[in-house]
Amino acid sequence: VFSSLSAMRLSFLALAQAYAAPPAPPTIAEMVQQIRDGKQENNFFSGEGILVGKPKSEGAQVVGCLLDKGEAVTEGAWTFLNDLKVDMSACCLKGNSESCMARLQPAYKLLMDSTGAELTTQKQNLAKLFNIVTEYARDLAREHKVKLTAWGKQLSLFCKDQACVHEKITRSDVQRFHTAEL
């Protein structure tokens, strides 16, 4: 017997699938191209509360974008892996796209490897991704002389001297971290 509840569930599932992002391609270069072609959303976001003032260059915008993705890891990114693939790739739409894609491909691969993996593996991969993204953000911040807020500094320097492990990357752990100058 096909109940009205079953019909509602099927309707909801069809609606959810209609609005879901398309599956992610295997490489960040392909994802960036899909964003440029309008096949994926352009979710470039230069972060909020991460940079001091408005970004003065595309490089500064990329720093904010990257640290925003680091912040996403502290907020349980394993629940939105596909969105993080799109959002992180969008960071490569500004500045030196080729360099960005080369630096972030290992992080993108970690996200691809996390899809369908056990939660422990997802969290371990996200900790590695955090290390990659924040290291690149630190390099760009130095290159473009970007000034970071206290929160931006905390994000950029957390795990700088020692690789992060998934048990360590929570928003409260980053907030407790002692800040220092870049």
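Which cysteine does a disulfide join to Cys 92? The legends below get to that link after a look at the whole chain.

**View 1. The whole chain, a predicted model.** Here the protein chain has 8 helices and 0 strands, where helices are DSSP runs of H or I with at least four residues, strands are E runs of at least two, and numbering starts at the N terminus. Reading along the sequence gives α-α-α-α-α-α-α-α. Of the 182 residues, 42% are buried, meaning under 20% relative accessible area with a 1.4 Å probe and protein chains only (over 50% is exposed, in between is partly exposed). The accessible surface comes to about 9,900 Å², with 54% of that belonging to carbon and sulfur atoms; these areas come from the Shrake-Rupley method with a 1.4 Å probe. Take the contacts (heavy atoms within 4.5 Å) between residues at least 6 apart in sequence: 66% of them join residues at least 24 apart.

**View 2. The link between Cys 92 and Cys 100.** Cys 100 is the partner in question, with an S to S distance of 2.1 Å. A disulfide here is a pair of cysteine sulfur atoms within 2.5 Å, and by this rule the count comes to 2. The angle about the S-S bond is -75°, a left-handed link. Cys 92 is buried at 0% relative accessible area, and Cys 100 is buried too, at 1%.

**View 3. The disulfide of Cys 65 and Cys 91.** These sulfur atoms sit 2.0 Å apart. The S-S torsion is about -85°, so this disulfide is left-handed. It ties together distant parts of the chain, 26 residues apart: Cys 65 belongs to helix H3 (residues 58-74), while Cys 91 lies in the loop between helix H4 (81-90) and helix H5 (97-114). Both Cys 65 and Cys 91 are buried.

**View 4. Helix H6 against helix H7.** Two packed helices are described by the angle and the distance between their axes. For H6 (residues 119-144) and H7 (residues 150-157), the axes come within 8 Å and cross at roughly 120°. The two are therefore oblique to each other, as angles under 35 degrees count as roughly parallel, over 145 as roughly antiparallel, 65 to 115 as roughly perpendicular and the rest as oblique. H6 brings Phe 130, Thr 134 and Arg 138 to the contact, and H7 brings Leu 155, Ser 156 and Leu 157.

**Notes.** Residues are numbered from 1 along each chain as its sequence is written, and side-chain values use heavy atoms, leaving out hydrogens and water. Local features need pLDDT of at least 70 and side-chain atom pairs 80 or more, whereas totals for chains, interfaces and linings use all residues.

Technical notes:
Axes are lines fitted to C-alpha atoms, for helices over the stretch in contact, and angles run from 0 to 180 degrees between N-to-C directions.
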